[in-house]
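Please keep the sequence and the model in view while reading.

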Amino acid sequence: MFGGARGAQKVKAVSKVAAKYRDPITGKEWSGRGLPPKWLQGKNKEQFLIAKWHQKK
């Protein structure tokens, strides 16, 4: 009667992404997705890369 015609809807799970950048002063991290955080705006992102991202694959 109430929504039975469509059946149950699946909810898409949100997966966490490993951090790619870290602020050395506060320790805050950013994955590189979405808007850059205020501590990174107007600065060179490469200075804040986490060591594992420096390695060439």
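Is Arg22 buried, partly exposed or exposed? In this predicted model, Arg22 has a relative accessible area of 37%, which places the residue in the partly exposed class, since that class lies between the 20% limit for buried and the 50% limit for exposed residues. The side chain of Arg22 meets that of Glu29 in a salt bridge, with a distance of 2.4 Å from N to O, and Glu29 is likewise partly exposed, at 45% relative accessible area. A search of the whole structure finds one salt bridge. In general terms, side chains of opposite charge can pair when their charged atoms come close.

**Overall arrangement**

Strand β1 covers residues 21-22 and strand β2 covers residues 29-30, while helix α1 spans 51-54. Of the 57 residues in the chain, 16% are buried. Among contacts between residues at least 6 apart in sequence, 37% join residues at least 24 apart.

**The nonpolar core and its aromatic rings**

The largest nonpolar core consists of five residues, namely Tyr21, Trp30, Trp39, Leu40 and Phe48.

The structure holds two aromatic pairs. In one of them, the rings of Trp39 and Phe48 have centres 5.6 Å apart and planes at 65°, so the pair is edge-to-face, an angle over 60 degrees being what that class requires. Both Trp39 and Phe48 are buried.

Asp23 lies in the loop between β1 and β2, and although Asp23 is buried, the residue has no salt bridge. What is the nearest side chain of opposite charge to Asp23, and how far away is it? That side chain belongs to Lys43, at 6.3 Å, and a salt bridge would need a nitrogen within 4 Å of a carboxyl oxygen. Asp23 does have polar partners: its side chain forms a polar contact of 2.9 Å with the side chain of Thr26, and a polar atom of the Asp23 side chain lies 3.2 Å from the backbone nitrogen of Ile25. Leaving aside residues up to four places away in sequence, Asp23 touches Lys28, Trp39 and Phe48.

**Two exposed loop residues**

Lys28 is found in the loop between β1 and β2 and is exposed, with a relative accessible area of 51%. Beyond its neighbours within four places in sequence, Lys28 is in contact with Tyr21, Arg22, Asp23 and Trp39. Gln47, placed in the loop between β2 and α1, counts as exposed at 61% relative accessibility.

| Pair | Separation in sequence | C-alpha to C-alpha distance |
|---|---|---|
| Lys28 and Trp39 | eleven residues | 8.9 Å |
| Gln47 and Asp23 | 24 residues | 9.4 Å |

Definitions and conventions
Residues numbered from 1 in each chain as written. Predicted model: local features only at pLDDT ≥ 70, side-chain atom pairs only at ≥ 80, totals over all residues. Heavy atoms only, no water. Buried < 20%, exposed > 50% of the residue type's maximum accessible area, 1.4 Å probe, protein only. Phe/Tyr/Trp six-rings, centres within 6.5 Å; stacked < 30°, edge-to-face > 60°. Core = buried A, V, L, I, M, F, W, Y, C linked by side-chain atoms within 4.5 Å. Helix = DSSP H or I, 4+ residues; strand = E, 2+ residues; numbered from the N terminus. Lys, Arg positive; Asp, Glu negative; His and termini not counted. Polar contact = N/O pair within 3.5 Å; in protein donor to acceptor, adjacent residues only side chain to side chain. Contact = heavy atoms within 4.5 Å.
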